[in-house]
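User: I'm new to this one and would like to go through it piece by piece. Can you put it up?

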Amino acid sequence: MHTQAEVAASGLPLTLRIVQIVGFTFLAYLVIGMQLAVLPPFVHDDLGFGAVLAGLVISTQYVATLLSRGFAGRTSDTAGPKRAAVIGMAACGGSGLLMIGAALLHDLPGASLGLLLLARLALGMGESCVATGCIMWGIGRVGSAHTAKVISWNGIATYGALAVGAPLGVLLTSAFGFVVIGIASVALMLLSLLLAWRRPAVRVEAGERLPLRHVFGRVAPYGMGLALGSIGFGVIATFITLFYASQGWVGAAPTLSLFGLCFVGVRLVFGWTIAHFGGYRVALVSLLVECLGLLVLASANHVGMAMLGAALSGIGFSLIFPSLGVVAVDRVSVSNRGSALAAYSVFIDVALGITGPLGGWIASGGRYAPMFVVAALMSLAAAVLTGGLYMTYGNTMRG
């Protein structure tokens, strides 16, 4: 990676240097968001398959993301984060090409479905490579002292792109048909590759490459905190609409929007607190705020109270990933930090993957309050874990 002197010599403002790199994350997740909104109805209505196969098409991406995290991290460490990000962009573009083929073969449902599954596998691999590569590329450009800022801006790019991509995908499909999603995906990734080619790479750090299992072991305690703290986000994103319907309320979509606005707002306004107060302290406060928000949501007896709970949950969840991520990557040498970030990210993949069935089982009787209480207890457990890690490592590490 660049030395501090090289970073300072770039002459560009810090935030602009970060945005120049995480902009690639935005473009990749714009592709993900566009596809996410239109794939289930295409599989169910156009191809004539059931809800199970429609869900399988969506979940295939997450499986591929999980399985390719190790490759993304190791590529970032050994070949450079720009290389990892470029591989991810190419994979996302390949997903678009496969989707074009699936759209053209809609009269052959089996063949079309097979191409869609391959497209989702390519997109999942692309997601992991772009996410890990861009974070490490950004850190390389501005220096490790700004790790939290890079991770925070990358998260803003991720969730902002998903928020824009979903309605954009629906709009494009309504106007031009499903095939345009594949065309738009290819076009966006070609633009991304062209812009990435013009951005300077950062030096690959020399040093011992730890086996992935050793890296995983070092970040696992922080990953567990992340996983426990992500359950709340998972249940809100998955079940808030059903919760509102069970209460006879309207306004689930605005509640989700409020959650997102609080999430992004906190990252923009309070992202600096991680560098100032340290990752452990910010994570601890964040987890407790999230726990409070989930308890408010569980006890809500009107829409206003539910929106307050969702807002507090969004405020709390916002800085969990970057605050624990900063101290997690500090557990390994600089030459292994791409692998550490990838291993750390695995935990949120797993947590969000199990949230659906776990939450559905808890709320199987149509009562959603216990599900939010369980999520709150998970956040509290993460806070206890974080406190223990701080007492163990806080005096020997930054944050």
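User: How much space lies in the second largest cavity?

Analyst: About 50 Å³. A cavity here is a set of points on a 1 Å grid over the protein atoms alone where a 1.4 Å probe fits but cannot get out, and its volume is the space filled by probe spheres set on the points. This is a predicted model, where local features need pLDDT of at least 70 and side-chain atom pairs pLDDT 80 or more, while totals for chains, interfaces and linings use all residues. Residues are numbered from 1 along each chain as its sequence is written, and side-chain values use heavy atoms, with hydrogens and water left out.

User: How many cavities does the search find?

Analyst: The search of the whole structure gives 2 cavities of 30 Å³ or more.

User: Back to the second largest one. Which residues line it?

Analyst: The lining consists of I231, V235, T355, L358, G359, I362, M371, V374 and A375; a lining residue has an atom within 4 Å of a point.

User: And which helices supply them?

Analyst: α8 (212-247), α14 (337-362) and α15 (369-393) each give at least two lining residues. Helices are DSSP runs of H or I, at least four residues, numbered from the N terminus. The largest share of this lining, 4 residues, belongs to α14.

User: What classes of residue are in that lining?

Analyst: It has 7 nonpolar residues, 2 polar and no charged ones. Gly counts as polar in this scheme, and Asp, Glu, Lys and Arg as charged.

User: α15 came up. What about L389, buried or exposed?

Analyst: L389 lies in α15. L389 counts as buried because its relative accessibility is 8%; buried means under 20% relative accessible area, exposed over 50%, and partly exposed in between, with a 1.4 Å probe and protein chains only.

User: What does L389 contact?

Analyst: Apart from neighbours within four places in sequence, L389 is in contact with P221, Y222, Y280 and G394. Contact means heavy atoms within 4.5 Å. V327 is 62 residues from L389 in sequence, and the two are 9.9 Å apart in space, C-alpha to C-alpha.

User: New topic, aromatics. How many aromatic pairs are there?

Analyst: The whole structure has 18 aromatic pairs. One of these is F24 with W137, which is stacked, at 5.6 Å centre to centre and 10° between the planes. Rings of Phe, Tyr and Trp (its six-membered ring) pair if their centres lie within 6.5 Å; planes under 30 degrees apart are stacked, over 60 edge-to-face, the rest tilted.

User: Why does that pair tie together parts that are 113 residues apart in sequence?

Analyst: Because F24 is in helix α2 (residues 14-46) and W137 is in helix α5. Both F24 and W137 are buried.

User: Which residues form the aromatic cluster?

Analyst: F239, F243, Y244, W249, Y368 and F372 make up one cluster.

User: What lies over the face of Y393?

Analyst: R331 does, at 4.0 Å from the ring centre. A charge sits over a ring if NZ of Lys or CZ of Arg is within 6 Å of the ring centre and within 35 degrees of the ring normal.

User: Let's go to α5. What does L116 touch?

Analyst: L116, in α5 (residues 109-142), touches L39, F42, V43, L47, M99, A102 and F178, leaving out residues up to four places away in sequence. At 1% relative accessibility, L116 is buried. L116 and E208 are 40 Å apart in space, C-alpha to C-alpha, and 92 residues apart in sequence.

User: Where is S185?

Analyst: S185 sits in helix α7 (residues 179-198). S185 has 0% relative accessibility and so counts as buried. With residues up to four places away in sequence left out, S185 touches V31, M34, Q35 and G96.

User: And L188, what is that in contact with?

Analyst: L188 is also part of α7. Beyond four places in sequence, the contacts of L188 are L27, L30, V31 and M34. Its relative accessibility is 16%, so L188 is buried.

User: Last one. Why does G265 count as partly exposed?

Analyst: Because the relative accessibility of G265 is 27%. G265 lies in helix α9 (residues 252-270).

Key. On a 1 Å grid over the protein atoms alone, a cavity is a set of points where a 1.4 Å probe fits but cannot get out, and a pocket is an open set with protein on both sides within 12 Å along at least five of seven lines; lining residues have an atom within 4 Å of a point.
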